[in-house]
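Thanks for coming, everyone. I'll take a few minutes on one model, so please have a look at it first.

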Amino acid sequence: MSLNNIFQFLVPKDKKFFPLFEQATQNLVLLAQTLHEAVNAPKPERDAYFKKIEELEAVIEQVTHNTNLELSRNFITPFDREDIHALISAIDNVAGYLYGASNRMKLYQVEKISKSIRKMTEITLEGTQLIQIAVSDLKDMKKLHNIADVCKKLYKLEAKSDSVFDKAVADIFENETDVKNIIKYKEVLSALETAADKCKGVANVLESIAVKHS
C-alpha cells in the first residue's frame with residue numbers, strides 16, 4: 001500500500017476534489033444535453049444553444065484548471081495524484097470534442113441535421129450521464145463494482161458510435177453529391193465519434209482507479 005493510500009484512512013472525507021469532479025460532470029451532462037437539443041431544434045434557434053455550449057465548455061476548462069491547482073497545493077489526495085489528473089483531463093477531452101462538433105455546425109452553417117448526427121449526440125449524452133454516475137460512485141470505494149458495470153456500458157456505447165459513424169459516412173459518400181456538404185457532415189460526425197471515444201477514455205481511467213482500490 002502506498003503512503004498516499006495509508007493517509008487516506010487517516011484524513012477526513014475529501015472536500016476539494018470530489019466537488020470539482022461533481023461540478024465537471026454536471027456541466028458535461030448539461031453540455032451534451034444542450035448539444036442534443038440543438039440538433040433537434042430549427043436552424044434559427046441553434047445559435048442560442050451553441051452559445052450555451054461554448055459557455056459550458058469554458059466552465060469545464062476552468063474546473064480542470066482548478067483541479068490541477070489543487071493538486072499542486074495538496075499533499076494528501078483521495079486517490080493517486082496521476083489518476084486525479086488523468087480523470088479530470090479525460091472529462092475535459094469529452095467536453096472539448098462535443099464543443100468542437102457544435103462549433104463545426106455553427107461555422108460550416110450546417111443546414112440539415114441528419115439522423116446519424118442526432119443519433120451520435122444521443123449516444124454521447126448517454127455516455128456523459130454514465131460518466132456522472134461512475135464518478136459519483138468514486139466517493140464510496142464500496143461501490144467499485146458499480147463503476148466496473150458503468151465502464152462496460154461505456155465500452156459498448158463507444159462500439160455503437162463507431163457503427164453509426166461508419167454507416168453515416170458510407171451514406172454520405174453514396175447519396176451526397178455536393179463536395180462541400182460531404183466535408184461538413186464528415187467533420188461534424190468525426191468530432192462526435194471522437195467525443196464518444198473520449199468517453200471510453202474516461203472509462204479507462206475509472207477502471208484503472210477501481211482496480212487499484214479493489
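One definition to begin: buried means under 20% relative accessible area, exposed means over 50%, and partly exposed is in between, with a 1.4 Å probe and protein chains only. With that, F79 is buried, at a relative accessible area of 0%. I'll come back to F79.

Some ground rules. This is a predicted model, where local features need pLDDT of at least 70, side-chain atom pairs count only at pLDDT 80 or more, and totals for chains, interfaces and linings use all residues. Residues are numbered from 1 along each chain as its sequence is written, and side-chain values use heavy atoms, with hydrogens and water left out.

Confidence next. pLDDT is the predictor's confidence in each residue, from 0 to 100. The protein chain has a mean of 91, and 93% of its residues reach 70 or more. Residues 6-13 are the stretch to watch: pLDDT stays under 50 there. The model has nine contacts for that stretch beyond four places in sequence, contact being heavy atoms within 4.5 Å. Where pLDDT is low, the predicted coordinates should not be read in detail.

Now the core. A nonpolar core here is a set of buried Ala, Val, Leu, Ile, Met, Phe, Trp, Tyr and Cys residues joined through side-chain atoms within 4.5 Å. The largest one has 65 residues, and F21, L87, L98 and L206 have the most contacts inside it. The elements giving two or more residues are α2 (17-39), α3 (43-73), α4 (81-107), α5 (115-137), α6 (144-175) and α7 (179-213). Of these, α7 gives the largest share, 14 residues. Helices are DSSP runs (H or I, at least four residues), as are strands (E, at least two), numbered from the N terminus.

Take L98. What does L98 touch, leaving aside neighbours within four places in sequence? The contacts are L28, L31, A32, L35, T124, T128, L192 and A195.

Aromatics. Rings of Phe, Tyr and Trp (its six-membered ring) pair if their centres lie within 6.5 Å; planes under 30 degrees apart are stacked, over 60 edge-to-face, the rest tilted. The count is three pairs. F18 and F21 are edge-to-face, 6.1 Å centre to centre, with 65 degrees between the planes. They sit three residues apart in helix α2, so about one helical turn separates them. F21 also stacks with F79, at 6.1 Å and 15 degrees. That pair links distant parts of the chain: F21 is in α2, F79 in the loop between α3 and α4, 58 residues apart.

Last, charges. A salt bridge is a side-chain nitrogen of Lys or Arg within 4 Å of a carboxyl oxygen of Asp or Glu. There are seven. D80 bridges K212, with the closest N and O atoms 3.5 Å apart. D83 meets K212 too, at 2.8 Å. D83 is in helix α4 and K212 in helix α7, 129 residues apart. So which of these residues are buried or partly exposed? D80 is buried at 15%, D83 is buried at 6%, and K212 is partly exposed at 40%. Together, D80, D83 and K212 form a network.
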